[in-house]
Structure formats: structure tokens, C-alpha cells
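Dear colleague,

Here is the structure I said I would hand over. My notes on it follow below.

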Amino acid sequence: MSEIEGPCPCGWGEPFAGCCGRYLGGAEDAPTAEALMRSRYTAFALGDREHLLRSWDPATRPEDLELDPDVQWRRLVVVATTGGSPFDDTGTVEFEAHYRHAGRRGVQREDSTFARRGGRWLYVGPVENLVA
């Protein structure tokens, strides 16, 4: 994955290298569920399927993941979080991911579940798929 200039796509306003870049590159594990979710959004925006698969709970992860290169991820809005701190084992992050595809705007909304396994936060899936 190439280094990007300017602020991180996740919207926190930090430079990519000091924000999600360290998680995508594997140098560090995300300390919170929200940080992992933001890094996953950034991975979608940059087409980094390896990070998406690596950060997905093996119990719910697909065998393969195809990303649509024609989708342009534009903006992330975190609506709400519950749990997901460095002291929790589970958490949820509700978000809106704005995109453009085929000249049209769209919004993906999800309330995602995250779980900490072996000290690492992992994406589990939408809230109804919580795996304990």
C-alpha cells in the first residue's frame, strides 16, 4: 500500500501515517473499536483488502473479499459508540459511510459489532451478529 499525503480518509483530521496508516501497515493494533472501524473505512477507501480480512473476526470473515474499484468513499460519520474502549471486550460503532458510485451518491449505514480477541480488536459484523 502506498503512503498517502494529507489527512487520513477516516476524518479524524490527522495525517494518514499517524492515524490509520499505522494500523493498516500492521505496526500497531487499534486501541479501540472506533479506531479499528475508522481504519477499516480507510482500508475500503484505499482498496486495502488485506487489512479488512486481517481485522475481521475469523468466525464471521468471508473466505475472500472483492472490492469494487468504482466506489469512491468520500466521508465517514461516526453516529454513536457503546463500549469498545481499551478496557472493554466488546463494543459497537454506528456509522454512515458516504460514497459515490456510477455518478450517484450513496450512504452505507451500519451499527457494527467489535470484539477483542487475544488483545486485538476485530470486526464481527452488524449488531445482530454478535459473537461472544
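**An aromatic pair**

Phe114 and Tyr123 are both buried, where buried stands for a relative accessible area under 20%, exposed for one over 50% and partly exposed for what lies in between, with a 1.4 Å probe and protein chains only. The model is a predicted one: local features need pLDDT of at least 70, side-chain atom pairs count only at pLDDT 80 or more, and totals for chains, interfaces and linings use all residues. Numbering starts from 1 along each chain as its sequence is written, and side-chain values use heavy atoms, with hydrogens and water left out.

The whole structure holds five aromatic pairs. Such a pair needs rings of Phe, Tyr or Trp (its six-membered ring) with centres within 6.5 Å; planes under 30 degrees apart are called stacked, those over 60 edge-to-face and the rest tilted. The ring centres of Phe114 and Tyr123 are 5.7 Å apart and the planes stand at 65 degrees, so this pair is edge-to-face.

**The chain overall**

The protein chain has three helices and four strands, in the order α-α-α-β-β-β-β along the sequence. Both kinds of element are DSSP runs numbered from the N terminus: helices are H or I with at least four residues, strands E with at least two. The radius of gyration of the protein chain is 14 Å, close to the 14 Å of the globule rule for 132 residues, so the chain is as compact as a globular protein of that length. That radius is taken over C-alpha atoms, and the rule is 2.2 Å times the number of residues to the power 0.38. The C-alpha trace spans about 40 × 30 × 30 Å along its principal axes.

Of the 132 residues in the protein chain, 36% are buried. Its accessible surface comes to about 7,400 Å², and 47% of this belongs to carbon and sulfur atoms; the areas come from the Shrake-Rupley method with a 1.4 Å probe, and for residues only the protein chains shown count as cover. Among contacts (heavy atoms within 4.5 Å) between residues at least 6 apart in sequence, 42% join residues at least 24 apart.

The protein chain carries 15 positive and 21 negative charges, and their mean positions are 4 Å apart. Lys and Arg are counted as positive and Asp and Glu as negative, while His and the chain ends are left out. Each charge is placed at NZ of Lys, CZ of Arg, CG of Asp or CD of Glu.

**Helix α2**

Arg38 is in helix α2, residues 33-46. Its relative accessibility is 8%, so Arg38 counts as buried. Not counting residues up to four places away in sequence, Arg38 touches Cys10, Gly11, Trp12, Cys20, Leu76 and Val78.

Phe44 is in helix α2 as well. With 31% relative accessibility, Phe44 counts as partly exposed. Tyr41, Phe44, Trp73 and Tyr99 make up one aromatic cluster. Neighbours within four places in sequence aside, Phe44 is in contact with Leu52, Leu67 and Trp73. From Phe44 to His101 there are 57 residues in sequence and 14 Å in space, C-alpha to C-alpha.

**The strands and a loop**

Gly83 belongs to strand β1, residues 72-83. Beyond its neighbours within four places in sequence, Gly83 is in contact with Asp88, Thr90 and Gly91. Gly83 and Gly47 are 36 residues apart along the chain, and 28 Å separates their C-alpha atoms.

Ala102 is in the loop between β2 (90-101) and β3. Phi of Ala102 is near 55 degrees, a positive value in a residue other than glycine. At 69% relative accessibility, Ala102 is exposed. Ala102 and Gln72 are 30 residues apart in sequence, with 9.4 Å between them in space, C-alpha to C-alpha.

Arg105 sits in strand β3, residues 104-117. Arg105 is exposed, at a relative accessible area of 74%. With neighbours within four places in sequence set aside, Arg105 is in contact with Tyr99 and Arg100. Arg105 and Gly26 are 79 residues apart in sequence and 32 Å apart in space, C-alpha to C-alpha.

Regards
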